[in-house]
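The following exercises are to be worked through with the sequence and the three-dimensional structure at hand. Each task is followed by a solution in steps.

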Amino acid sequence: MEYSCQEFKVGKCEGQKLVDGESMPLVLHPNNGSDNIDFLVSTLKKNKDWFEQMIIKNSAVLLRGFDVKNAEDFNEIIEAFDWDDIRYVGPAPRTHIYKRIWTANEGPLEEFIYYHHEMVLIKESPKKVILFCEVPPPKGGETPFVPSFRVTERMLEEFPEAVEDIESRGLQYTFSAPSKNDTSSMRGRGWEDAFGTSDPAEAEKRAKALGMDMEWLPNGGVKTKLGPRALTKVFDGRKGRRMWFNTMVGMHGKEHSSALMADGTEIPENVVKRCQEIIEEESIQFKWEKGDVLFLDNFALLHGRRPSLPPRRVLVATCK
């Protein structure tokens, strides 16, 4: 689809790349100086189908230079579309801020949050992850993202047999969670918060509905097991691209998590290590400015968070 919305003008940003003929991210600035939030929301409502096509076409769309000040403004942008919410389920500690808006991962800023598709392990993942920068960090704190299909292409070039072997067997993951939230860890979300209940029986029921098995630990925490899960996926409307839709590298051999083939076979260490290198090589290092709103196609992109000096405040909405 050709670019065709006169209310925006196309720009550039630091770290932007051309991937398979498309700019990632597509950067949209206000045209004719119309930067106020009411005009932006009105424009998005009138052009929401076109805008969604741009998200799918470019995988990432950045609104920059608009007067987006806070969670209330950000929520207005989200509600300009007809996208349903999807409740976040995962290990990251988060706080509800306003209506559909939450904090992004509140784990320590000095830690690197590894590249991932949001809620990749859950039966239903969000199609879109939308991020708003309220306070840009003085140094670091980028939200890098990676075209997932490029990881698959390169892994197939270098490890065709290993990729197809893992794909045929599937993946199995485990991770442990405490009972209560622990914001000293980027994976410190407690199971009570994650499942919205303090009742273990109800938590098990909700976990089962999401495709998880649970094992209770002596300290009141829980170990969850998920699998088999796919290594790659193909989603409609995305040129038949085979996405690297897994968290093999992010969970393999970690203190509180593991990633194995679904039959319990270890994934070759050299495959995991090289995959980690490829993901980094393909990454787009996006740097925040105050008021930025970044729309990510969660089916097409992995994303992460670079270590940062404080303060840094990025808010998030996840949508179907």
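**Exercise 1**

With the side chain of which residue does the side chain of Arg 306 make a polar contact of 2.3 Å? Determine also where Arg 306 is placed and whether Arg 306 is buried or exposed.

*Solution.* The model is a predicted one.

Step 1. The partner at 2.3 Å is Glu 280, reached through its side chain. A polar contact of 3.0 Å links the side chain of Arg 306 to the side chain of Gln 285.

Step 2. In the chain, Arg 306 belongs to the loop that lies between β18 (301-305) and β19 (313-319).

Step 3. The relative accessible area of Arg 306 is 18%. Buried means under 20%, so Arg 306 is buried.

Step 4. When neighbours within four places in sequence are left aside, the residues in contact with Arg 306 include Leu 109, Phe 112, Tyr 115, Gly 141 and Pro 144. Glu 280 and Gln 285 also belong to this set of contacts.

**Exercise 2**

State the order of the strands in the open sheet of eight strands, and examine how β9 and β17 are joined.

*Solution.*

Step 1. The order is β1-β4-β5-β17-β9-β19-β7-β6, and the pairing is mixed.

Step 2. β1 (8-11) and β6 (96-98) are the edge strands, each pairing on one side only. Between neighbouring strands of this sheet the average turn is 30 degrees, direction ignored.

Step 3. Strand β9 (residues 128-135) and strand β17 (residues 293-297) run antiparallel and are joined by five bridges. Within this pair, Asp 297 in β17 is the residue opposite Lys 128.

Step 4. Helix α2 (residues 48-58) lies across β1, β4 (26-30), β5 (60-63), β9 and β17. The angle at which α2 runs to β5 is about 125 degrees.

**Exercise 3**

Classify the relative direction of α1 and α3, and then that of α4 and α9.

*Solution.*

Step 1. Helix α1 (residues 37-46) and helix α3 (residues 71-79) have axes that come within 9 Å and cross at roughly 20 degrees.

Step 2. Angles under 35 degrees count as roughly parallel; therefore α1 and α3 are roughly parallel to each other. The crossing of α1 past α3 is right-handed.

Step 3. On the side of α1, the contact is made by Ile 37, Asp 38, Leu 40, Val 41 and Leu 44; on the side of α3, by Asp 73, Glu 76 and Ile 77.

Step 4. For helix α4 (residues 148-158) and helix α9 (residues 269-281), the axes are 10 Å apart and the angle is about 140 degrees. Angles over 145 degrees would count as roughly antiparallel, and 65 to 115 as roughly perpendicular; α4 and α9 are therefore oblique to each other. The crossing of α4 past α9 is right-handed.

Step 5. Among the residues that meet here are Val 151 and Met 155 in α4, and Cys 275 and Ile 278 in α9.

**Exercise 4**

Describe the open sheet of four strands and the helix that packs on the sheet.

*Solution.*

Step 1. The strands follow the order β12-β13-β11-β16, with antiparallel pairing. Its edge strands, β12 (212-216) and β16 (257-261), each pair on one side only. From one strand to the next, the twist averages 20 degrees.

Step 2. Five bridges connect strand β11 (residues 171-177) with β16 in the antiparallel sense. Leu 171 has Met 261 in β16 as its bridge partner.

Step 3. Helix α5 (residues 160-169) packs on this sheet and touches β11, β13 (222-229) and β16. The direction of α5 makes about 100 degrees with that of β16.

Conventions
Residues numbered from 1 in each chain as written. Predicted model: local features only at pLDDT ≥ 70, side-chain atom pairs only at ≥ 80, totals over all residues. Heavy atoms only, no water. Helix = DSSP H or I, 4+ residues; strand = E, 2+ residues; numbered from the N terminus. Buried < 20%, exposed > 50% of the residue type's maximum accessible area, 1.4 Å probe, protein only. Polar contact = N/O pair within 3.5 Å; in protein donor to acceptor, adjacent residues only side chain to side chain. Contact = heavy atoms within 4.5 Å. Pairing = 2+ DSSP bridges. Axes fitted to C-alpha atoms, helices over the stretch in contact; angles between N-to-C directions. Left-handed = near helix turned anticlockwise from the far one by under 90°.
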